[in-house]
Amino acid sequence: MFWLIENKEQLQAFREKKFKKVFIEPLFSNDNIHPHLRGIVGFYIREINYRKGFLININHSEATSCELDEVLNLIGEFEEIFVRDRKEFLHIVPLKQLSDTHFISPTDIPDSFPCHDFFYRKYPHIGNIGSIIPIVKHYERCETIFNAVKHVFTMEKPQHFEFYNNRATNVFYWIEAEGLKVNPTLFEEHFGVERDWTYSQFNLKTTTTRPSNSFGGINYAALDKKTGCRAAFIPDNDFLLEIDISAYHPTLAAQLVDFDFGDKDIHQAFADMYGVDYKKAKELTFKQLYGGVFDEYKELEFFKKVEKYIDNISSKKEHVCKSGYVFKTDMKKQKLFNYILQNTETYYNVLILEKIIRILKNSKTRIVHYTYDSFLLDVSKDEKDIIESILDIFKEYKFSTKVEAGHNYDALQRV
């Protein structure tokens, strides 16, 4: 059978091979368009032990086409599908049997493919550039990618695989797919592009395991509060509501080292310990959590427990986080502690997001943005009761929260 599949008869012949475990590389109309909006040119599919892959054409100019729905039905029949980016693939079709190769083992895939680079460089404004790049060059690229990742297919899945592959990718895909409504005039003023809807994109494959969030040159995880750019983000329903977790990292650190602040405001508790005001206490606490305990505060019970905890985890070869992720301890002690804090933060945030999404499943109200310690909702005024149910989730994990609401992301006020 030839590697190119371009009609219903060839697709049926491919289906009759009854492959069970495959690697799939989607071919997009344009890699620079957000995954939620990209068109599909085709799919490279290769059974993990088969001698070659097949390219099913959907919308390439050099071949006749198969129907996308029929191909997606075929893909849904596979037992396990290895992909390079599960979250990205969910935007095409939400399947449970997707296994992200990165969460099994990082792979060394070439960054550059000369033919593809040439077309993207020469025709930067063509939205369907993927359908113009020679189809054989797509195939060659996919074969190269397959050879770079094939060793992963038979590897044992690590402890963190279930959490990151099956849970984290789902919640961040959900937020990406919701998108954010924006004021076109203000968005163009601050970001140089006129649109009425925008999409963020989370990167779960960071060194610290804390997801970053940017797309199209916009860092959605660090929208500047001082420039007024946040005013461009507006509700599609009636108002925006943000839930902030108060003193998140000190709270997580206290949980890790088994220190109980009781019901007291954590930053006020530190202010009393230090003998300084509230604002100064916050500054001192964060400096010590991220940079190491100051000599004058080493005798405070909290920091004695922190240092004992850090010494304990650093004395072992590796540390297993709540997410199952394993950090090697061959780094500076404080850096290791910071990585564990960020991983623990991500772990709880995924659990919280799962529950929020479940509550909102059949609602107008949507979760549209997330930045480490804050969760932004686009709320329908008819569903205010839902907010109490969502706040109960944070109480379940003993997190204190601050709630703000407003008619845009820059005009939030305490409620």
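This is a predicted model: local features need pLDDT of at least 70, side-chain atom pairs count only at pLDDT 80 or more; totals for chains, interfaces and linings use all residues.
Colleague: Take β4, then. How many bridges join β3 to β4, and do they run parallel or antiparallel?

Modeller: Strand β3 (residues 40-47) runs antiparallel to β4, and 4 bridges join them. The two form a hairpin, with 6 residues between them. Within this pairing, Y44 stands opposite L55, and F43 has I56 as its bridge partner.

Colleague: And what of β1 and β4?

Modeller: Strand β1 (residues 4-5) pairs with β4 in the parallel sense, over 2 bridges. There, I5 stands opposite I56.

Colleague: Are the faces of β4 covered or open?

Modeller: Both faces of strand β4 (residues 54-57) are covered. F54 and I56 are buried on one side, and L55 and N57 are buried on the other.

Colleague: Now a helix. Which residues of α2 are buried, and which are exposed?

Modeller: The general idea is that an α-helix has 3.6 residues a turn, so residues three or four places apart point the same way. In helix α2 (residues 68-75), the buried residues are V71, L72, L74 and I75. Seen down the axis of α2, they fall within an arc of 155 degrees, so they line one face of the helix. D69 and N73 are exposed on the other side of α2.

Colleague: Next, the nonpolar cores. How many residues has the largest one, and which have the most contacts inside it?

Modeller: The largest nonpolar core has 93 residues. F172, F302, I356 and L377 are those with the most contacts inside it. Helix α12 (residues 333-360) gives the largest share of this core, 14 residues. There is also a second, separate core of 29 residues, and I5, F19, V22 and I92 are among them.

Colleague: What does I356 touch?

Modeller: Leaving out residues up to four places away in sequence, I356 touches I367, F375, L377, I390, I393 and F394.

Colleague: Now the charged pairs. How many salt bridges are there?

Modeller: In general, side chains of opposite charge can pair when their charged atoms come close. In this model the count comes to 24 salt bridges. One of them joins the side chains of K8 and E70, at 3.6 Å from N to O. K8 is in helix α1 and E70 in helix α2, so this pair links distant parts of the chain, 62 residues apart.

Colleague: What about K87 and E176?

Modeller: Their side chains meet in a salt bridge of 2.6 Å, N to O. K87 lies in helix α3 and E176 in helix α6 (residues 161-178), so the pair ties together parts that are 89 residues apart in sequence. K87 is buried, with a relative accessible area of 4%. E176 is also buried, at 1%.

Colleague: Where do K205 and D100 lie?

Modeller: The side chains of K205 and D100 meet in a salt bridge, 3.3 Å from N to O. K205 lies in the loop between β9 and β10 (212-215) and D100 in strand β6, so the pair ties together parts that are 105 residues apart in sequence. K205 counts as partly exposed at 26% relative accessibility, while D100 is buried at 1%.

Colleague: Which residues do salt bridges with shared partners join into one network?

Modeller: K21, E80 and K157 are joined in that way.

Terms used:
Residues are numbered from 1 along each chain as its sequence is written. Side-chain values use heavy atoms; hydrogens and water are left out. A nonpolar core is a set of buried Ala, Val, Leu, Ile, Met, Phe, Trp, Tyr and Cys residues joined through side-chain atoms within 4.5 Å. Buried means under 20% relative accessible area, exposed over 50%, partly exposed in between (1.4 Å probe, protein chains only). Contact means heavy atoms within 4.5 Å. Two strands pair if DSSP finds at least two bridges between them. The arc is that of the directions from the helix axis to the C-beta atoms. A salt bridge is a side-chain nitrogen of Lys or Arg within 4 Å of a carboxyl oxygen of Asp or Glu.
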